[in-house]
Amino acid sequence: MTKSELIALLASRYPQLALRDMDFAVKTMLDAMTQSLASGQRIEIRGFGSFSLSTRSPRIGRNPRSGEKVLVPAKQVPHFKAGKELRERVDAAYLDEQKTDSVPSGA
């Protein structure tokens, strides 16, 4: 799902709110999450999951075009860990899909 698809879904669920208000709300939420991560804070959304920063150590990489070795500096990267409820709902949906795929048709 893209950001524009999320905005369209929210607008269809809440028709009393204007599309531009949904757009503003989603952008504001994502900006706040981005700023929190950029400042080193952890984000936890109960029932969904948590976002944190992981540190990647510096390493020696390889330029794929020339083959020469290059130093890749250390960096911080966002990391998402799904919450228990999200994992269970995704797993249940997957299992339901597997059941419907394995049922022989016309039987």
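Select E44 to begin: this residue is partly exposed, with a relative accessible area of 42%. Here, buried means under 20% relative accessible area, exposed over 50%, and partly exposed in between, with a 1.4 Å probe and protein chains only. The model is predicted, so local features need pLDDT of at least 70 and side-chain atom pairs count only at pLDDT 80 or more, while totals for chains, interfaces and linings use all residues. Residues are numbered from 1 along each chain as its sequence is written, and side-chain values use heavy atoms, with hydrogens and water left out.

R42 forms a salt bridge with E44, and the closest N and O atoms are 3.0 Å apart. A salt bridge is a side-chain nitrogen of Lys or Arg within 4 Å of a carboxyl oxygen of Asp or Glu. R42 is exposed, at 53% relative accessible area.

Then move to helix α2, residues 19–38, and select D23 and K27. Helices are DSSP runs of H or I with at least four residues, and strands are runs of E with at least two, numbered from the N terminus. D23 and K27 form a salt bridge, with 3.4 Å between the closest N and O atoms. The two residues lie 4 residues apart, which means about one helical turn separates them. D23 is partly exposed at 25%, and K27 is partly exposed at 38%.

Finally, select E85 and R89 in helix α3, residues 84–102. Their side chains meet in a salt bridge of 4.0 Å, N to O. R89 is exposed at 61%, whereas E85 is partly exposed at 42%. To close, select R42, E44 and R46, which salt bridges with shared partners join into one network.
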